[in-house]
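Try each one before you read its solution.

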Amino acid sequence: MNATMQPEYSEQSSGSRLLTGLSRGFRRKCPNCGHGFAFGGYLTLRHECDCCNHPIGEYRCDDAPPYFTIFIVGHIVVGGALTMEQTMHPSMTLQLAVWLPVTVLLCLSFLPFIKGAVLGTQWAMKIKG
């Protein structure tokens, strides 16, 4: 690792490290340096950071990101569907025509960012494998 690509926050408190990891991960950047990209594709983690050579591929974010995504999207969709039902009284066909695509789009939109946040949390807590 060269001197210009040293991690910005090498020695810090655990709370500060967690916030740093969350913010960098949510931006889909390397949690170690904050400059390189953590993802090589839509959800594929790179083996290592291009800037600091941190081994990003050693982190396992398998089940947590989909769980958190479903939890968040479920609250949005259920709240929206209940509000729509109370105010407009639409048919079930209209409800399904609106909320099924919204659910899919929200899940696909949120998942990479939530996976990045989980990656940042694992980096902050030094959890690998």
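**Exercise 1. Work out whether Asp50 is buried or exposed, and find its charged partner.**

Solution. Start with accessibility: Asp50 has a relative accessibility of 58%, and exposed means over 50%, so Asp50 counts as exposed. Keep in mind that this is a predicted model. Next, look for the partner: the side chain of Asp50 meets that of Arg46 in a salt bridge, at 3.4 Å from N to O. Finally, check Arg46: its relative accessibility is 25%, so Arg46 counts as partly exposed.

**Exercise 2. Find how many salt bridges the whole structure holds, and describe the one formed by Glu58.**

Solution. A search of the whole structure gives two salt bridges. Glu58 pairs with Lys128, and their closest N and O atoms are 3.3 Å apart. Now place the two residues: Glu58 sits in the loop between H1 and H2, while Lys128 belongs to the segment after H3, so the pair links distant parts of the chain, 70 residues apart. As for accessibility, Glu58 is partly exposed at 39%, and Lys128 is partly exposed at 43%.

**Exercise 3. Decide whether Lys115 is buried or exposed, and look for a salt bridge.**

Solution. First locate Lys115, which lies in helix H3, residues 92-124. Lys115 is buried and has no salt bridge. To see why, take the nearest side chain of opposite charge, Asp62, which is 6.3 Å away, whereas a salt bridge must fall within 4 Å. Then list the surroundings: beyond its neighbours within four places in sequence, Lys115 is in contact with Phe39, Leu43, Leu45, Cys61 and Pro65.

**Exercise 4. Describe how H1 and H3 pack.**

Solution. Two packed helices are described by the angle between their axes and the distance between the axes. For H1 (residues 14-26) and H3, the angle is about 150 degrees and the axes are 7 Å apart. Angles over 145 degrees count as roughly antiparallel, so H1 is roughly antiparallel to H3. The residues making the contact include Leu18, Gly21 and Leu22 of H1 and Phe113, Gly116 and Ala117 of H3. The crossing of H1 past H3 is right-handed.

Conventions: Residues numbered from 1 in each chain as written. Predicted model: local features only at pLDDT ≥ 70, side-chain atom pairs only at ≥ 80, totals over all residues. Heavy atoms only, no water. Helix = DSSP H or I, 4+ residues; strand = E, 2+ residues; numbered from the N terminus. Buried < 20%, exposed > 50% of the residue type's maximum accessible area, 1.4 Å probe, protein only. Lys, Arg positive; Asp, Glu negative; His and termini not counted. Contact = heavy atoms within 4.5 Å. Axes fitted to C-alpha atoms, helices over the stretch in contact; angles between N-to-C directions. Parallel < 35°, antiparallel > 145°, perpendicular 65-115°, else oblique. Left-handed = near helix turned anticlockwise from the far one by under 90°.
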